[in-house]
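Student: I would like to learn how to read a structure like this one, feature by feature. Where do we begin?

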Amino acid sequence: MRKYIWFIVMVLLVGFSVYNYMAAYKNYTGKSAEEPATVGVVIGKKAPAITLKDIEDKSVTINAAKNNKVYVLNFWASWCPPCRDEMPEINDFYNKYKNKLQFLAINMQESKTKINSFMVQNNYVFPVLLDSDGKAAELFKVRQIPTTIVIDKNGIIKYRRTGQIDLVELEKIIDSAGDKNND
């Protein structure tokens, strides 16, 4: 009899775990078109607003809906090999589209000195924001780097990728959003 009770308890626990996993997966993959956008960090959700400091200590607010801008956010660190590998194409993307959208590289918890040295050494010119305390990464649920997020002019997350990205993929995303040619 005791075996059966343990078996039932285990089945219930597994069932509950599967249910929670599926609910989280559904939330992660977004929503249907008829649901209103709520604030979140997945495709189809309204991106949260946040203010970070840049390398020169100026405050920069990320708020696409308020600013009517397309944002491309790239979370990275100089010690991360895939981040370093994608940087030349990130720099090319920035140079090509800097007047069409807002590209921001969000460095995760490295010193200004280290970031400045890395940028100068590699001749990178894209803007870098400092996530010194990790709050931006926490807010956007960044668990691995690099992570790239594209937010449309209405503040809705249109694309999210964990892992290395290249110029061709970024251009496809911007093309499909129809925002590349709008200032």
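Tutor: The protein has 6 helices and 7 strands; helices (H or I, at least four residues) and strands (E, at least two) are DSSP runs, numbered from the N terminus. Along the sequence they follow the pattern α-β-β-α-β-α-β-α-β-α-β-β-α. This is a predicted model, in which local features need pLDDT of at least 70 and side-chain atom pairs count only at pLDDT 80 or more, while totals for chains, interfaces and linings use all residues. Residues are numbered from 1 along each chain as its sequence is written, and side-chain values use heavy atoms, with hydrogens and water left out.

Student: What pLDDT does the protein average?

Tutor: pLDDT is the predictor's confidence in each residue, from 0 to 100. The average here is 83, and 76% of the residues score at least 70. Over residues 23-35 the pLDDT is below 50, and that stretch has 11 contacts beyond near neighbours in sequence; a contact means heavy atoms within 4.5 Å. Residues 179-183 also stay under 50, with 13 contacts in the model beyond four places in sequence.

Student: How do the strands form a sheet, and in which order?

Tutor: Strands of a sheet pair through backbone hydrogen bonds, either parallel or antiparallel. For the count, two strands pair if DSSP finds at least two bridges between them. In this model 7 strands form an open sheet in the order 2-1-5-4-3-6-7, with mixed pairing. Strand 2 (59-62) and strand 7 (157-162) are the edge strands, each pairing on one side only. From one strand to the next, the twist averages 30 degrees; axes are lines fitted to C-alpha atoms, for helices over the stretch in contact, and angles run from 0 to 180 degrees between N-to-C directions.

Student: Which strands does strand 5 pair with, and in which direction do they run?

Tutor: Strand 1 (residues 50-54) and strand 5 (residues 128-131) run antiparallel and are joined by 2 bridges. Lys53 stands opposite Leu130, and Asp54 has Leu129 as its bridge partner. Strand 4 and strand 5 run parallel, joined by 4 bridges; there, Ala105 has Val128 as its bridge partner.

Student: Are the faces of strand 5 covered or open?

Tutor: In a regular strand the side chains alternate between the two faces of the sheet. In strand 5 both faces are covered: Val128 and Leu130 on one side, and Leu129 and Asp131 on the other, are all buried. Buried means under 20% relative accessible area, exposed over 50%, and partly exposed in between (1.4 Å probe, protein chains only). Buried residues make up 42% of the 183 residues in the protein.

Student: Which helices lie across these strands?

Tutor: Helix 3 (residues 81-97) lies across strand 3 and strand 4 (102-108), at about 160 degrees to strand 3. Helix 4 (residues 112-122) lies across strand 3, strand 4 and strand 5, at about 155 degrees to strand 5.

Student: How many aromatic pairs does the structure hold?

Tutor: A pair of aromatic rings is described by the distance of the centres and the angle of the planes. Rings of Phe, Tyr and Trp (its six-membered ring) pair if their centres lie within 6.5 Å; planes under 30 degrees apart count as stacked, over 60 as edge-to-face and the rest as tilted. The structure holds 8 such pairs. One of them, Phe75 with Phe140, is tilted, at 5.9 Å centre to centre and 50 degrees between the planes. This pair links distant parts of the chain, 65 residues apart: Phe75 is in strand 3 (residues 71-76), and Phe140 is in the loop between helix 5 (135-139) and strand 6 (147-151). Phe75 counts as buried because its relative accessibility is 0%, and Phe140 is buried, also with 0%.

Student: How many disulfides does a search find?

Tutor: A disulfide is a covalent bond between the sulfur atoms of two cysteines. The criterion is a pair of cysteine sulfur atoms within 2.5 Å, and the search of the whole structure finds 0. Cys80 is buried at 3% relative accessibility, and Cys83 is buried at 0%.

Student: Where is the cis peptide bond?

Tutor: The bond from Ile145 to Pro146 is cis, with omega near 0 degrees. Pro146 is in the loop between helix 5 and strand 6.
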